[in-house]
Each structure stands twice: as structure tokens, then as C-alpha cells.
Amino acid sequence: MASKPSISFVRRAVPKKGNVVVFSAEQGEMSEAARSCDPSGALQRAFPIADFSGKFGASVELIAPDGAGLDRLVAIGAGKAASLKEHDWLKLGGAVAAHFRKPADVSVIVDLPGLEAGGSEAASLAAGILLRAYSFEKYKTKKEDGDGKPIDRKPARFTIHSSDPVAAKKAFAVADAVSDGVWLARDLVNEPANMLGPVEFAAQLKALEQLDVKVEILTEKDMKRLGMGALLGVAQGSVRPPRMAVLEWRGGKPRNQPVAFIGKGVVFDSGGISIKPAAGMEDMKGDMGGAAAVAGLMHALAARKARVNAVGIIGLVENMVDGNSQRPGDIVTSMSGQTVEVLNTDAEGRLVLADALWYCRQRFEPQFMINLATLTGAIMVALGQSHAGLFSNDDELAGRLAEAGLATQEKVWRMPLGAEYDKLIDSKNADMKNIGGRYGGAITAAQFLQRFVKDTPWAHLDIAGTAMGSPSSEINQSWGSGFGVRLLDRLVRDHYEA
Ligand code: BES
Ligand code: MN
Ligand code: ZN
């Protein structure tokens, strides 16, 4: 992981040293504040030569002319200044960070023509810088580049110039907490499975206690006592014992029912006896993307002291091939008492979630449960990699998630549930089987989960296509994207805080 860039906020002024970034609207139009950083007009002269017209995301970069005392001058296109939304400011932040991957002092002038950028724009821009600056470099040991020059992995320092640095700093405290949550989720997803088993994952969650999150870790013994036969069946082929983490953040009124988030944490999914093909199996180190999102979200909520009571339940197992692995045809009894015929040991995520959802409902009676899981390849066939699948028994919750998805650009697309699909998982030999037929694989997986939520308002996000390996963007260049943290933080902020 790269270390985090430092960010500070000042009232707008003309920078005297270091690097300067300004924004340009369409036709290369700049604010007065931006123009005053380019007294010789060198930047504006460069616009037509570089074919730069201020189009959103385009950029021009110059070595600052003599006498200005500056290093580099960068102009970034912001397109139509009047129509910029919160997420556009994140992207602009990403574009800024893309220019400064090495240690440097960077002043960013946020103003646009006709737009005196204030606190919220500056804060979103800063958050975009942080999100883009993430990279996973923990296991890169080379100290020199190809030319023998030392590689300096220290981050840049950004000073954001706006009309209201006090408001910016305040808004950024929130955005910073959320960005930290995203970084945490990305780190967990990128970490290889030899380094991050269930026990190690649980130990990392313990660190959330520093933010006053209550962290309880259930061991195999606890789960046996609770009757979590579905989860334990998956875990039994691994030499690494399972864990279940129970995270509680109490920032709301003591009597308010909590909201609950449940994550699939399969630290590695070999498929078990129904083993996966070799090609691409390494990606299954990321089969804990749901768990990572819940961890990142709980970090975000606690770090920004969200006024909500929130619970995070994370089921941690490894799905391995072994003499003690569960077999196709085995029948397990879940904590709910319902029995499951395991016809394919690679459909393991739903078995883990079945017990996690049931436990959550029974212990906390939450207002709603949202689970996140890299659950099916089928959701990628249906939706590709730019929407997560959304399944829900509650139209209001589903609508709110869709809205939060548009606001954060962590987009979700609602998929159907229904009795026709539900019956596809009825089993001859037990209450249900863990796979449906050939068609609608993401839906039958969701139907399976629904059998463990009763009438609690519930949503399932199938993030197999979005949590890892999704196309990189202005604000994410990492394999593990941290998908879900910003989405759910937004959902909570917009609807569930006192
Ligand atoms: N973890 C996988 C789903 C997955 C696939 C996530 C690719 C990310 C990328 C899940 O446990 C799985 O193996 N699902 C099977 C279900 C099938 C056996 C019914 C699948 O999708 O093939
Ligand atoms: Mn699997
Ligand atoms: Zn899996």
C-alpha cells in the first residue's frame, strides 16, 4: 500500500513555489484565481497548441516559465462548470492525483469561472485525490528503478485553495474517514490468502476497537455451540479454522434498532471438492470482498462518528480441498434448523451467509440487513462489471440503494426474486439444495439467502463483478476496488442518521 498523501486547506492565494494545478472550463476559460497563477500566460498559450479545450478530464502540463518560482503548472479540464456534481469533483481529484505520483508540493486552485468553490467542492476534490492515490505496494521490495535511481514511495503533499477552507476542512473530516474505509477494504481484498486467513482477518478487525467499535470474534467452538452447520461445513476442509466477527458501532440513540451489514469472507475459494479450473483461480483470494466492504464501512462510520447504531457481521472461512472437505451430496443443518443438501461445494458463499444472516437477525433484530458477497459468476454474465446485482424484499430499501448508487457511482441494478425461482432450490433429500439449475444462477443464489432472512427488510448485493478486477477509473486503479464502502456510507448518511 502506498502511504496516504497529506492534504491541507487554505484560503485561496497565489502559490509562490512548488507545483500548481488549476481548472479550466470549456473553451479554456479559467477563473480569475486560476489566471493569477499564470501571470505570463504560458498556460493559456499552451491550450490551443496542446489541443486542450477544457473538456472534462483532459489536461495540459508545463514546466513553469522562468521567474515564476514554480515547478510545474497543470491545467485540468472541468467541462461545464455549472453542472458539476459531487462525484465529478471526486473524479477531478483523481485527475489531480494522477499527475503527482511522487513526493512534491502541490497547490490546487479549486475555483472555476462563475463558481467560487467552497467547502464541499474542495472536500470532494481532496477525497478524489486520496482514492486515486491508493496503490498496493506492500510486497514490492525493489529500492531502485531501471535506471538505478532510488524509488521514492513517499506521497505528495496537497494544499487545496478555496474560498472557505474552514468549511472544507470540516467536510473533509467526513470524506477522509470514508476514504480510509475504502483503503482498508482495498488492502484486505488485495492481500494474498497466505497472509490473510480467517484468524488474521479477525485480528485486523480487532484494530477497529481503536475507533470505539466493539469487536467480538466467535471461534469454531462458539459456532458449533450455535449450530452453524452451514458455515462450518464449508470451513471443514481447511487447516485454518473459521471465525465470525461481530462488530458494533453505537453512535445513535441507545434505543434505536441497529442497521446491519453482513459480509461474505471466503479468504480463498478453491471451490472445494467441486474444484475450480486452474486459470484465474488466484482471483479467489478476493472472495472476501463483501467482508472487506463491511470492515471498511464500519471503519468509516466509526471514524466519522456517524449518528447511527450499526452492526457488522462477517463470516470468515477458507474453502479448500482436503481429506476432510465436505462432499457433494452432504446434508448440513444450518443455525436456522433448515437443512441444506450441498450439491456443489463451490456454491459456498451462500452457506456462510445463511448462518451469518440468521445469527444477525436473531441477535440484533435490525431495522434492515444488507449483505455483500462476491457470490456468483452469473451476476457478471448478467450485468458485467459496472453494476452490482441488487436483490431485495423491500422496495423502499432497494430504491434508496439505487439512489445512493447513482450519487456515489457505485451503481447497483435490481434483479428479480420470486416463487418461480425459489422453487428451483427445493431438494429431494433436504429442505433445500445449494444450487439451482443452469439458468438464473445469480437469482437462485439470492433466493437461497432469502430463506434465512424471514420478514426482515433485506437487500443482497452480489459484488462478484465490482469488488475486484473491475475496470479502473479516475478514482480507482487498484484490483481490489473497495466497492460498497462509499455506497453504504451514503445510504446511512442520507436516511438512517438521527
Ligand atoms: N466466489 C464464487 C463467485 C465468483 C466468481 C466471484 C468469479 C468472483 C468472480 C462463488 O463461490 C462461486 O464459486 N459461485 C459459483 C456458483 C455455482 C457453483 C452455482 C459460480 O458462480 O460459478
Ligand atoms: Mn465458490
Ligand atoms: Zn466463493
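Begin by selecting ligand 1, because the space that this ligand takes is the largest pocket, a pocket being, on a 1 Å grid over the protein atoms alone, an open set of points with protein on both sides within 12 Å along at least five of seven lines. The model is predicted, so local features need pLDDT of at least 70 and side-chain atom pairs count only at pLDDT 80 or more, while totals for chains, interfaces and linings use all residues. Residues are numbered from 1 along each chain as its sequence is written, chains are lettered from A and ligands numbered from 1 in the order in which they are written, and side-chain values use heavy atoms, with hydrogens and water left out.

Next, show the 17 residues around ligand 1, of which K276, D287, D346, E348 and G377 come nearest; a residue belongs here if one of its heavy atoms lies within 4 Å.

Now look at the polar contacts, which are pairs of N or O atoms within 3.5 Å. An oxygen atom of ligand 1 lies 2.8 Å from a polar side-chain atom of D346, and a nitrogen atom of the ligand is 3.3 Å from a polar backbone atom of T374.

Definitions and conventions: Polar contact = N/O pair within 3.5 Å; in protein donor to acceptor, adjacent residues only side chain to side chain. 1 Å grid on protein atoms, 1.4 Å probe; cavity = no way out; pocket = protein on both sides within 12 Å on 5 of 7 lines; lining within 4 Å. Sits in = over half its atoms within 2 Å of the grid points.
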